[in-house]
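Welcome, and please take a moment to turn the model around before you read on. This briefing walks through its salt bridges, strands and loops, one topic at a time.

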Amino acid sequence: MRIKQQITDIDYTQTRNFFSKRAGKYQVNNPYSVTMYQDNHPELVGERNKTEIEKLCPKLHFSKNSRIVDVACGIGRWADAINVEVEEYCGVDFSGELIRIANQRNEKKNFFFYEGGISEIEEVLRKNKRGRYNTVLMVGILMYLNDGDLLRSLRAVENICEKEAVLCIREPIGIYERLTLKDFFSEELQDNYNAIYRTREELHTFLDEAFLQKGFYVMEEGFLFDEDILNNRKETAQYYYVIERK
């Protein structure tokens, strides 16, 4: 179903099953398609990844003092993009299958991957004797959270931030109105798909309550892709925020 404007919950079990099957489609020669989709267009996956990394990486100023937590890390796409020495990178994802792939691919000694959902991230880090982080990546995760869980999950992320921290959030948003795909069969993915595309205004409300009221401010925001060829959706588009607390 395609549900416009109305607030409707999606089924997390369906989402978990979806990503379990996506992990089974992992390809060494097109690894990022697991979470970026476009299975039949590997060149588009490559261009989107390249553009995203080139645009957002410089805004985060990775350095040897960077302690990075990547929420919903998938197979470690952003871990691959970090090409400078950092103090620590920790990737967390609720899909055990994706985490297994991430660990198999990882060759960096101070990079760690753990299974766990965003709402339980504090417990996951504590169990693995990890601390707080000054850099947070949240790329393509909020669309899989129902409104009733979103604020609580974002507050959990704020709780693992150091006093001074920067967050990079990249989400597909509804350009004109909220759109929910609920058990929607995707010809492209050949599977049922569930996701919530909130408007910028809706998303900003949650970010305000979770972060801006806790001392963060928006350094920069905008649409990720300028090129028409990278924006192949009429109703949704990739949007990013860089939020900082000093």
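The side chains of Glu162 and Arg67 meet in a salt bridge, with 3.6 Å from N to O. A salt bridge here is a side-chain nitrogen of Lys or Arg within 4 Å of a carboxyl oxygen of Asp or Glu. The model is predicted, so local features need pLDDT of at least 70 and side-chain atom pairs count only at pLDDT 80 or more, while totals for chains, interfaces and linings use all residues. Residues are numbered from 1 along each chain as its sequence is written, and side-chain values use heavy atoms, with hydrogens and water left out.

**Salt bridges**

- Helices (H or I, at least four residues) and strands (E, at least two) are DSSP runs, numbered from the N terminus.
- How exposed are these two partners? Glu162 is partly exposed, with a relative accessible area of 26%, whereas Arg67 counts as buried at 12%. Buried means under 20% relative accessible area, exposed means over 50%, and partly exposed is in between (1.4 Å probe, protein chains only).
- Arg67 and Glu162 also belong to a network with Glu87, Glu88 and Arg130, joined by salt bridges that share partners.
- Glu220 forms a salt bridge with Lys59, and their closest N and O atoms are 2.7 Å apart. This pair links distant parts of the chain, with Glu220 in strand β9 and Lys59 in helix α3, 161 residues apart. Glu220 counts as partly exposed, at 31% relative accessibility.
- Glu54 and Lys50 form a salt bridge as well, with 3.1 Å between the closest N and O atoms. Both lie in helix α3 (residues 42-60), four residues apart, which is about one turn of the helix. Lys50 is partly exposed, at 43% relative accessible area.
- By this rule, the count comes to 22 salt bridges.

- Is β2 buried or exposed? Five of the five residues of β2 are buried, so the strand is largely enclosed by the rest of the structure.
- In a regular strand, the side chains alternate between the two faces of the sheet.
- From β2, Arg67, Val69 and Val71 point one way, Ile68 and Asp70 point the other way, and all are buried.
- β2 pairs with strand β3 (residues 88-93) in the parallel sense over five bridges. Two strands pair if DSSP finds at least two bridges between them. Within β3, Glu88 is the bridge partner of Arg67.
- β2 also pairs with β5 in the parallel sense, over four bridges. Here Ile68 has Thr135 of β5 as its bridge partner.

**Strand β10 and its neighbours**

- Strand β10 (residues 236-245) is mostly covered, as nine of its 10 residues are buried.
- Strand β6 (residues 161-174) pairs with β10 in the antiparallel sense over 10 bridges. Gly174 stands opposite Thr236 in β10.
- Strand β9 (residues 217-223) pairs with β10 in the antiparallel sense too, over six bridges. The bridge partner of Gly222 in β10 is Tyr240.

**Loops and the surface**

- Where is Glu227? Glu227 lies in the loop between β9 and β10, and this residue is partly exposed, with a relative accessible area of 38%.
- Lys129 is found in the loop between α6 (121-127) and β5 (133-139). Lys129 counts as exposed, at 75% relative accessibility, and has a positive phi of about 60 degrees although it is not a glycine.
- Gln190 has its place in the loop between β7 (179-186) and β8 (191-197). Phi of Gln190 is near 55 degrees, a positive value in a residue other than glycine.

**A contact across the sequence**

- Gly148 lies in helix α7 (residues 147-159) and counts as exposed, at 67% relative accessibility.
- Gly148 and Asp9 are 139 residues apart along the chain, and their C-alpha atoms are separated by 8.6 Å.
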